[in-house]
Amino acid sequence: MFTEKSSSNEKRLETMRKNLSNIENKVESILSKDALTYNDKMILLSCVNVSFHTSGKIESIFSIDSCAACDFCQKMIKNASCNPLIICGLCYAAADAWKEAAWRRHKINARIFSSVLFSTEELKTLNLHTALLVRFNEDGDTVNETMSRNYLRITAAFPRADYGYYFKNYPEVEKGLIAEGYTSREKLPKNVRFIQSSVLIGFPSKPVWFADAVFTVYPDAETIKNAILNGSIECNGKKCMVCGFHCYLRNRQSTAVNIAEYLRCNKAAREKIMVAYRNRIAEISK
Ligand code: SF4
């Protein structure tokens with residue numbers, strides 16, 4: 001039944017879509033130029049979405065997000081259709097319910113940061129002046145070296161903040177690190193913690209040289225209990241402020257620590273994942 005409320009919602013949606021299309025068109029028209037002026041770059045940076053989270057898991061943290069529409073995430077999501085242990089099969093950011101506005105704003109971020117390399121001075125125009133904690137990629141992953149370099153330059157542009165840089169696509173993060181002169185663990189930026197997300201549920205990925213932590217999701221109560229008994233830090237879906245912002249503030253050590261989180265999904269998905277998990281354990285122990 002048609003109501004006044006549904007009509008006003010429709011109007012809001014229409015306005016939101018129109019605004020997003022305007023931003024997308026503006027960005028694409030600038031990116032289609034052969035050479036960008038300083039002013040073009042400033043316009044692009046004004047189109048970047050910087051979020052400050054006032055509730056939820058990352059309450060009190062700023063985030064700059066990419067988008068699961070990128071080639072890397074789409075490949076991982078496709079691979080997950082053949083292997084239920086690949087965490088990307090449960091990606092909330094790729095789910096239909098994910099809000100259109102966030103999806104499109106993050107896609108614009110990814111387009112800008114993967115296409116243009118900004119200077120540290122230029123990046124100082126981002127709205128991060130009050131930030132103390134910043135997360136890269138709550139949504140999406142590092143698309144390419146240019147994006148990685150821009151993220152690293154943001155950490156130099158706002159040195160007062162501490163950063164949690166989450167990634168699965170480590171080759172692109174690494175290329176950015178090398179290009180920016182961070183060529184060894186000792187040289188890594190002091191205000192950034194590199195959090196490597198494990199690809200497989202229940203199986204921590206081998207840490208890359210620059211990882212401060214390997215973040216793994218475990219499929220049931222017993223597997224996460226074992227991980228914690230074996231030294232993993234418990235994340236377990238808490239608010240980051242409850243754990244003391246481990247992923248952002250923990251002192252850098254010579255090797256990566258493990259962080260374990262309990263898988264949140266429905267019963268049917270968990271059962272399917274547990275079958276795959278047990279099969280893999282059996283295969284490994286052959
Ligand atoms: S370990 Fe702590 S900081 Fe890291 S994601 Fe979990 S709750 Fe947040």
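Two strands pair if DSSP finds at least two bridges between them. The exercises below concern a predicted model.

**Exercise 1. Find the order of the strands in the sheet, and state which strands stand at the edges.**

**Exercise 2. Describe how β7 and β8 pair, and name the helix that lies across them.**

Step 1. Strand β8 covers residues 257-262 and pairs with β7 over 2 bridges. The sense of this pairing is parallel.

Step 2. Within the pair, A260 in β8 stands opposite E234.

Step 3. Helix α8 (residues 221-229) lies across β7 and β8, and also across β6 (213-218). Relative to β8, helix α8 runs at about 160 degrees.

**Exercise 3. Work out how helix α6 is oriented to α7 and to α4.**

Step 1. Helix α6 (residues 145-157) and helix α7 (residues 170-179) have axes that cross at roughly 55 degrees and come within 7 Å. Angles of 65 to 115 degrees count as roughly perpendicular, and those under 35 as roughly parallel. α6 and α7 are therefore oblique to each other. The crossing in which α6 passes α7 is right-handed.

Step 2. On the α6 side, E145, S148, R149 and L152 make the contact; α7 contributes E172, V173, K175, G176, L177 and A179. By class, these residues are 4 nonpolar, 2 polar and 4 charged.

Step 3. For helix α4 (residues 100-115) and α6, the axes cross at roughly 95 degrees and come within 6 Å. α4 and α6 are therefore roughly perpendicular to each other.

Step 4. Here T146, M147 and N150 in α6 meet F113, S114 and S115 in α4. The contact of α4 with α6 has 2 nonpolar, 4 polar and no charged residues.

**Exercise 4. List the residues around the ligand, sort them by class, and name helices that supply them.**

Step 1. Around the ligand are I233, C235, K238, C240, C243, F245, H246, C247 and I259.

Step 2. This shell divides into 7 nonpolar, 1 polar and 1 charged residues.

Step 3. At least two residues of the shell come from α9 (240-243), and at least two from α10 (246-249).

Terms used:
Residues are numbered from 1 along each chain as its sequence is written. This is a predicted model: local features need pLDDT of at least 70, side-chain atom pairs count only at pLDDT 80 or more; totals for chains, interfaces and linings use all residues. A residue is near a molecule or strand if its C-beta atom, placed from the backbone, lies within 6 Å of it. Helices (H or I, at least four residues) and strands (E, at least two) are DSSP runs, numbered from the N terminus. Ala, Val, Leu, Ile, Met, Phe, Trp, Tyr, Cys and Pro count as nonpolar, Asp, Glu, Lys and Arg as charged, and the others, Gly among them, as polar. Two residues are in contact if their C-beta atoms, placed from the backbone, lie within 7 Å. Axes are lines fitted to C-alpha atoms, for helices over the stretch in contact, and angles run from 0 to 180 degrees between N-to-C directions. Angles under 35 degrees count as roughly parallel, over 145 as roughly antiparallel, 65 to 115 as roughly perpendicular and the rest as oblique. A crossing is left-handed if the near helix is turned anticlockwise from the far one by less than a right angle, and right-handed if clockwise.
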